[in-house]
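Hi,

Here is the model I said I'd pass on.

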There are 2 protein chains.
Amino acid sequence: MNLSEMNKEQLIGFKNETEALYNDFKAQGLCLNMSRGNPCKEQLELSMDMLSVFDDGDFMSENGIDVRNYGLLDGIPEAKKLFSDMIGVNEHEVIIFGNSSLNAMFWAVQTAFNKGILGEKPWSQCGKVKFLCPVPGYDRHFKVTEFFGIEMINIPMTADGPDMDMIEKLVAEDDSIKGIWCVPQYSNPDGISYSDETVKRFAALKPAAKDFRIFWDNAYCIHHLTDSPTIILNILDEAKKAGNEDIVYIFGSTSKITFPGAGVAVMGASQKNVEELKKHLGISIISYDKMNQLRHVKFFGTFKNMCEHMKKHMAIIAPKFEIVCQTLEKEIAPLGIGSWTKPEGGYFVSFNALNGCAKRIVQLCSEAGVTLTGAGATFPYGVDPDDKNIRIAPTYPPVDELKKAMELFVICVKLASAEKLLAE
Amino acid sequence: MNLSEMNKEQLIGFKNETEALYNDFKAQGLCLNMSRGNPCKEQLELSMDMLSVFDDGDFMSENGIDVRNYGLLDGIPEAKKLFSDMIGVNEHEVIIFGNSSLNAMFWAVQTAFNKGILGEKPWSQCGKVKFLCPVPGYDRHFKVTEFFGIEMINIPMTADGPDMDMIEKLVAEDDSIKGIWCVPQYSNPDGISYSDETVKRFAALKPAAKDFRIFWDNAYCIHHLTDSPTIILNILDEAKKAGNEDIVYIFGSTSKITFPGAGVAVMGASQKNVEELKKHLGISIISYDKMNQLRHVKFFGTFKNMCEHMKKHMAIIAPKFEIVCQTLEKEIAPLGIGSWTKPEGGYFVSFNALNGCAKRIVQLCSEAGVTLTGAGATFPYGVDPDDKNIRIAPTYPPVDELKKAMELFVICVKLASAEKLLAE
């Protein structure tokens, strides 16, 4: 029975029953963390062979540079080849970074802020600077723009990606809008892949600001949860067709392919962008960890092998996403107190509770020992205007713990929903 | 015979003889690079065992975190212990970075520039901002401050370190002076270690700017070339005694201990500084490469072992410094056309030619196939007011090549000096 159709008496009964279940859980003294999209131990084990690739004693990059020494600011050639394939650019359109694409994004914003882009004024001298933020989105993106005092404007997500009508209108009108954060394939947290039309419209944007950039964080480009994934269009190819190739900065990493703590991050952009960015980058570093770049190249060999490797990840984590969705389907769907995505890739299930319930649900879970991403985190400034979105990260806990955590989660959703409906 | 005592005829004879030797060299078609302080292959081989430390299959940090996964922004506890010992701070006064201390320094300046330090206004909002730059110094330091539009003021070096009278006066008078670049142990390029008095005077500085910071780049803290090294005083200890503990940011790395391309960098500062810096750092990265941190910890175990390891480096590179100094002593000293340091550690020999000759010497070497660090690079904006300083980096070339390169170098010094004296 839909909870909103219950009368007060039924609701009180439902709430009391749920509360009893909740208190039983609380008594168990759980201690589970589902707050971040961490790979689990079994996933980390998949890349163990990467640690012995140097047993061959060969530390030479294909251009004759010893990867153990200084040099090669933008990466060894073979890493540029491998990772340019991954993010869909050519070898002149790529820079290899350290272990963190977030760090590369921060650096790219910092550079625009302090030095400007392709001859335009530094953003720090532009007065008010704004970014568009499709919501819900990735909290760490929002923190970067907040760090630089950049005003963030929420853009609603649709099943095809962000609301393009709104984006096209805003960027055409307002030259203080300098960028937008996008996770185009399996968006964080909704798991939405941008439609071909959305990518084409992004590629053809005509912003008032010449130094407007799309921050295209393709974090989950090969992180599929099905055998027949839908791959988004190549944004740089589309931008070139539209005579607009400087508009996009592409990011990616192997954090969820090899090791989150010791992967390789990468940035792609037009050659013109890349040439300028490298000049700035060379001020801040001599070279990133080229041994780790070569480790990745020796381990994978080709991008095709990297994609094969991802199937092993899928085998481990797809069942976990099943557990989350099945539990919600069984326990929440009949009550009409929430909606969620069933993602075909990425790292999250995005759950929308009844308006005004997200914080309470996260609080209830926390008090019973399960830590979720803070409610509101998926919005700029941590403010979810409807207080309804919760990001569920199922990959890290073992299956048993995940089941237990989801049992608790649905109880908390029920309890918070009943409380809300009773208070109305 | 001192070149300046020669008459014109003698000088012409000397020049012609030298020119003939130079042309012989040119005909050999050499191709040697002595431009940067790169360790040589034999030095890189010293750390090969670091690549098998994970054969034990143990990836757990001592606090139970799997180093392969996300987390631990400021480093694993055992790395904080090891590297805090290296730079002379305690475990609450340290942040472990990626593979580049230059990157950590850039980040620290960027943070001060965009966010300010301990409640003071961001430097970007302070109008003119200035840095003091002991000269000659490290070109990459100067490039960082130049990137942010910070005005650089040359400070002469003495045998005890930078001119402290001048520094004390300037920082007391001018609150737009926000920092100073220092390489206190075996300075780059002079190889000068700051005297106890110098360190104490730094520690006791009373700058007009509350957010003045000493950027104490202790890059060569254990990079000795003798068995009885003189170690500089601990700046943070001295600053604490002076009630001035927030004044210094300390940097170090293993770039020239393990691998330049894949070492570990570290920053030390008062706990108050570190706490604030970590808040900012967490915006730009989740964690640096903790696998590489643990690799270093497993390889070295203790700081004492790290110091022992450095003796192996010394055995390889001290003879190369000998070659440089002996060649200069034999070929240049009798002619009175240059002076140089005989460093007890670090990576460079700093050569001072007759005024106005450095660019010409570097050009002559280059045209005969030996690349040196660009003349002027050791000064802010690349401008050596006397055009006399050249940084010689002897570590990378094999002994035979180094001998050859030094033969050529002294010929070029002689030729440029004769040209200069003849033109007067």
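**Notes on the model**

P189(A) sits in the loop that connects β6 and α7 (196-203) of chain A. Bear in mind as you read that this is a predicted model.

Now for how the two chains go together. Chain A can be superposed on chain B by a rotation of 180° with 0.0 Å of shift along the axis, at an RMSD of 0.0 Å. The two copies are therefore related as by a two-fold rotation axis. Of the interface residues of chain A, 100% are also interface residues in chain B, so the copies meet through the same surface.

What does each chain bring to the contact? Chain A gives 39 residues and chain B gives 39 residues. On the chain A side, at least two residues each come from α2 (41-45), α4 (101-115), α5 (139-147), α9 (271-284) and α10 (290-300). The largest share, five residues, belongs to α4(A). By type, the chain A side splits into 19 nonpolar, 13 polar and seven charged residues.

Next, the sheet in chain A. It is an open one of eight strands with mixed pairing, in the order β2-β9-β8-β7-β6-β3-β4-β5. Its edge strands are β2 (94-96) and β5 (161-162), each of which pairs on one side only. Further in, β7 (residues 213-217) and β8 (residues 248-253) of chain A run parallel and are joined by four bridges, with I214(A) opposite V248(A) of β8(A). α4(A), the helix with the largest share of the chain A side of the contact, also lies across β7, β8 and β9 (265-268) of chain A, at about 155° to β8(A).

Just past the helix, G149(A) has a positive phi of about 70°.

Over in chain B, the open sheet of eight strands has the order β2-β9-β8-β7-β6-β3-β4-β5, again with mixed pairing. β2 (94-96) and β5 (161-162) of chain B are the edge strands, each pairing on one side only. Three bridges hold β3 (residues 130-135) and β6 (residues 177-182) of chain B together in the parallel sense, and L132(B) stands opposite I180(B) there. Helix α3 (residues 77-87) of chain B packs on this sheet, touching β2, β8 (248-253) and β9 (265-268), and its direction makes about 115° with that of β2(B).

Beyond its neighbours within four places in sequence, T111(B) is in contact with L277(B) and H280(B). T111(B) and L277(B) are 166 residues apart in sequence, yet 8.0 Å apart in space, C-alpha to C-alpha.

Further along chain B, four of the five residues of β11 (residues 349-353) are buried, so this strand is largely enclosed by the rest of the structure. β11(B) pairs antiparallel with β10 (residues 338-340) of chain B over three bridges, where W340(B) faces F351(B). Four bridges also join β11(B) to β13 (residues 389-392) of chain B, again antiparallel, and V349(B) is opposite I392(B) in that pair.

The largest nonpolar core has 260 residues, and those touching the most other members are I250(A), I361(A), C412(A), I250(B), I361(B) and C412(B). Leaving out its neighbours within four places in sequence, C412(B) is in contact with Y22(B), I361(B), L364(B) and C365(B).

Y381(A), in the loop between β12 (370-372) and β13 (389-392) of chain A, has a positive phi near 60° without being a glycine. L118(B), in the loop between α4 and β3 of chain B, likewise has a positive phi, near 45°.

Cheers

Technical notes
Residues are numbered from 1 along each chain as its sequence is written. Chains are lettered from A and ligands numbered from 1 in the order in which they are written. This is a predicted model: local features need pLDDT of at least 70, side-chain atom pairs count only at pLDDT 80 or more; totals for chains, interfaces and linings use all residues. Two residues are in contact if their C-beta atoms, placed from the backbone, lie within 7 Å. Ala, Val, Leu, Ile, Met, Phe, Trp, Tyr, Cys and Pro count as nonpolar, Asp, Glu, Lys and Arg as charged, and the others, Gly among them, as polar. Two strands pair if DSSP finds at least two bridges between them. Axes are lines fitted to C-alpha atoms, for helices over the stretch in contact, and angles run from 0 to 180 degrees between N-to-C directions. Copies are superposed by least squares on the C-alpha atoms of residues with pLDDT of at least 70 in both. A residue is buried if 20 or more other C-beta atoms lie within 10 Å of its own, exposed if 12 or fewer, and partly exposed in between; C-beta atoms are placed from the backbone. A nonpolar core is a set of buried Ala, Val, Leu, Ile, Met, Phe, Trp, Tyr and Cys residues joined through C-beta atoms within 7 Å.
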